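Subject: Structure handover

Hello,

Here is the structure for your set. My notes on it follow below.

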Amino acid sequence: MLAFTSSVLIVAALRRACRRLFGAERAFQLWLLPPLAMLASQLPHVAEAPVVVLSPVVIAITSAAAALPVHAAASGAIDWRVLAMLAWVAGSVCSLVLAALVQQRYRRCLRGATAMPVSSSRWPVLRAVGTDVGPALVGAWRMRIVLPADFEQRYDASERMLILAHETAHARRHDGWWCLFARLTAALFWFHPLAWWALAALRRDQELACDAAVLREHGERRRSYANAMLKTQSAAFALPVGCTWSPRHPLTERIVMLKQPSSNRRRQGAGAVAGFALAIIVGGSVYAASAPQATHTSPPVAGAQYQLDMQVELSTDDGHKRHAETAAMALCTLPGKTATASVGGMTVEATAVPVDGQLRIDLAVGSNGTASLAHSRLRGALGQTLHAKGKGADGKQAYVIDITPQAGCPAQVLAEASPVRVTEHITNGTTRAAAESIAKKAGWTLINPDALGQDAVTLSFNDMPAGTALQRVADLAGVKVELEGKKRVHFAPK
């Protein structure tokens with residue numbers, strides 16, 4: 001969308017100047033920039049550095065907790081991105097359906113039209129039943145030239161020849177396909193005001209370019225050409241895919257252009273060179289701007305580790321009763337290596353692989369002694385919370401996981417900072433009281449315990465490293481644990 005917006009703004013800024021310097025035909029070719037920019041924004045980029053596979057070193061630090069994962073409570077909520085996608089698709093479909101209905105309405109006006117023998121045109125020429133239909137070029141892949149019922153009576157011989165030349169020029173330039181592509185793009189960006197302006201501006205430039213093409217061959221008949229424009233009625237019916245000779249396009253602007261001399265070959269050649277250079281600049285700039293930023297996530301280096309902070313809920317429903325088991329755990333692993341942890345009756349396997357500046361996480365969750373549940377594949381940046389849920393093949397077991405990856409292994413540092421393992425059972429306590437109890441057993445001093453607040457918690461830790469238990473409490477308060485020296489603990493925002 002950014003590529004489309006920027007390219008349309010460039011066209012809007014240059015179209016009048018290009019028409020004045022190089023002619024209307026070269027100005028119309030500026031509309032190649034939006035599709036070129038959108039294509040350039042989607043081209044793949046070569047990875048700057050290969051992924052380094054390191055030796056297998058896996059550290060798993062697990063813990064059981066009574067708190068349900070955040071995502072489990074809101075798993076029934078609909079993501080706003082899903083609603084936005086549905087609204088976008090609905091708007092695009094409605095726009096296309098409306099255009100199809102308008103096109104079909106125009107085609108119904110051609111019922112009863114008769115073929116006219118015109119030797120100068122290799123496209124079919126039809127005479128409409130009514131006088132309010134045509135002149136026009138209808139369609140894209142089956143193009144037909146449509147003329148009004150009073151074509152011979154309304155126009156003299158010179159004017160009829162110029163009108164046929166005009167519609168033939170539209171067909172020769174494949175303007176029906178331009179109209180079709182422009183209408184599809186407007187439907188794709190139906191919510192974007194600039195898309196509808198671009199559609200109208202393209203149709204206007206299309207008519208001016210066709211006028212210029214006709215006058216390049218019949219420049220001595222400018223007066224007859226202007227008279228034909230003045231005799232043509234306003235189109236009673238819109239034509240999404242096709243070109244009508246109607247004053248929907250500013251008639252004054254077309255008449256003024258007739259007074260200007262046609263561009264010579266030198267100016268048109270210069271315009272072609274300038275347009276080619278502009279296309280390279282715009283396409284190259286969009287391609288460079290769409291490259292993924294390598295600074296978002298550092299590439300793996302020797303000794304690098306990732307920590308996967310997880311909140312897991314595993315549930316079993318046999319039709320008679322539902323059993324749910326929850327756990328909080330931190331898995332530390334090297335890129336490409338699988339970390340496995342078991343808590344109670346649950347087994348979690350996770351593999352983290354850096355891909356294009358992000359981290360891909362392959363998960364398998366199951367119950368001990370049974371086959372794994374459906375696997376999940378997540379992808380996101382470091383520090384971003386990812387969600388996964390799935391069911392087993394029998395439909396009785398299910399899991400919901402919140403997982404947040406981060407660089408390094410802070411849990412390992414905390415676990416190694418104190419050999420003390422703690423057992424805590426707190427019911428309706430507070431996060432600060434729980435942290436102070438753990439710190440006292442580990443021999444640590446809390447620098448800023450107020451950062452934890454006084455939220456009520458119920459939790460249970462069984463023979464857990466003190467550092468890991470303290471981080472679990474900090475997670476409930478939305479902060480992280482940082483060690484200052486070996487005995488001082490500071491709580492910082494995540």
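His174 is partly exposed, at a relative accessible area of 44% (buried is under 20%, exposed over 50%, partly exposed in between; 1.4 Å probe, protein chains only). Its phi is near 55°, a positive value in a residue other than glycine. His174 sits in the loop between α7 (157-172) and α8 (175-188). Helices are DSSP runs of H or I with at least four residues, strands are runs of E with at least two, and both are numbered from the N terminus.

Before the rest, the ground rules. This is a predicted model, where local features need pLDDT of at least 70 and side-chain atom pairs count only at pLDDT 80 or more, while totals for chains, interfaces and linings use all residues. Residues are numbered from 1 along each chain as its sequence is written, and side-chain values use heavy atoms, with hydrogens and water left out.

Backbone

Asn428 also has a positive phi, about 55°, and is not a glycine. It lies in strand β15 (residues 421-430). Asn428 counts as exposed, at 66% relative accessibility. The peptide bond from Gly134 to Pro135 is cis, with omega near 0°. Pro135 is in the loop between β3 (125-127) and β4 (136-138).

Sheet

Five strands form an open, mixed sheet in the order β2-β3-β5-β4-β6 (two strands pair if DSSP finds at least two bridges between them). β2 (114-115) and β6 stand at the edges with a single partner strand each, so one side of each has no neighbour in the sheet. β3 and β5 (residues 144-147) run parallel, joined by three bridges. Val125 stands opposite Ile145 in β5.

Helix α5

Helix α5 (residues 80-108) has 29 residues. From first C-alpha to last it reaches 42 Å, close to the 42 Å expected at 1.5 Å a residue (1.5 Å times one less than the number of residues). Its buried residues include Gly91, Ser95 and Tyr106.

Aromatic pairs

There are seven aromatic pairs. Rings of Phe, Tyr and Trp (its six-membered ring) pair if their centres lie within 6.5 Å; planes under 30 degrees apart count as stacked, over 60 as edge-to-face and the rest as tilted. Phe28 and Trp178 have ring centres 4.8 Å apart and planes at 55°, so this pair is tilted. Phe28 is in helix α2 (residues 24-28) and Trp178 in α8, so the pair ties together parts 150 residues apart in sequence. Phe28 is buried, at 3% relative accessibility.

Best regards
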